[in-house]
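This report describes part of a protein model. Look at the sequence and the structure before reading on.

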Amino acid sequence: MISLRIMDKSGQAYGVCPLLDDMGRAQGYIMAKKENKTNAMRILDKNKIAYRTKTYQCDEFIDGIHVADLNGDSYDQSFKTLVTVGKTGIYYVFVIPINKEIDLKKAAKIVGEKSVEMLHVKDIYTVTGYIRGGCTPLGMRKLYPTVIQESAKDFEEIIISGGRLGVQILLNPLDLAGVVNGSFADVTVAEKAVAGEKE
């Protein structure tokens, strides 16, 4: 009897694997080790959204730039999740490229607030349920208004946090917007014009 086990790159078994005899006939099934999914992945599964995941070694917070360098990923395709609070006390989520800065004035105008400010690091877990470095727009404690930088639509797939340190999710930006009821807009600080170049 031959037992087949499906393995990921780290050697971890996953899925339901058939037991075959020497003639290739199914003789039963074994249940391999279950994948340790994050809440963000479970939400995507529930909504039947296609996605990929990848992991990297991380025991503590590492900023997005260093993670992209570690994995050889494009800065423009790698997105970070920022949480802000408006003058009204409402929380807003912004998903922007890791090498960009949020323009708080633009952001406030987009969400219809007089002003917004960044959520203090110490409040991230209380508001989102995630720790710094593992914050993702998927599966926060509440479904907050979410805006995704419009450049995300240039890609078939973008990279976001998987909801845990060392885990990333790759998915279509339109699918992400659909799940979080998000919208697209330009909310980043404009790049400085090159000296001598016409606007």
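## Pairing of S5 and S7

In this predicted model, strand S5, residues 79-86, pairs with strand S7 through three bridges. The pairing of S5 and S7 is antiparallel. Across this pair, Val85 stands opposite Glu117, a residue of S7.

Strands of a sheet pair through backbone hydrogen bonds, and the pairing can be parallel or antiparallel.

## The whole sheet

S5 and S7 belong to an open sheet of five strands. The order of the strands is S7-S5-S6-S8-S11, and the pairing is mixed. Strands S7 (116-118) and S11 (183-185) stand at the edges; each has a single partner strand, so one side of each has no neighbour in the sheet. From one strand to the next, the twist averages 35 degrees.

## Helices on the sheet

Helix H3, made of residues 104-111, lies across S5, S6 (91-97), S7, S8 (146-149) and S11. The direction of H3 is at about 130 degrees to S7.

Helix H5, residues 173-180, also packs on the sheet, where it touches S8 and S11. The directions of H5 and S8 make an angle of about 170 degrees.

## A residue in S5

Thr81 lies in strand S5. Is Thr81 buried or exposed? Its relative accessibility is 11%. Buried means under 20%, so Thr81 counts as buried.

Which residues does Thr81 touch, leaving out those up to four places away in sequence? The contacts of Thr81 are Val93, Phe94, Val95, Cys135, Thr136, Pro137 and Met140.

Technical notes
Residues numbered from 1 in each chain as written. Predicted model: local features only at pLDDT ≥ 70, side-chain atom pairs only at ≥ 80, totals over all residues. Heavy atoms only, no water. Pairing = 2+ DSSP bridges. Helix = DSSP H or I, 4+ residues; strand = E, 2+ residues; numbered from the N terminus. Axes fitted to C-alpha atoms, helices over the stretch in contact; angles between N-to-C directions. Contact = heavy atoms within 4.5 Å. Buried < 20%, exposed > 50% of the residue type's maximum accessible area, 1.4 Å probe, protein only.
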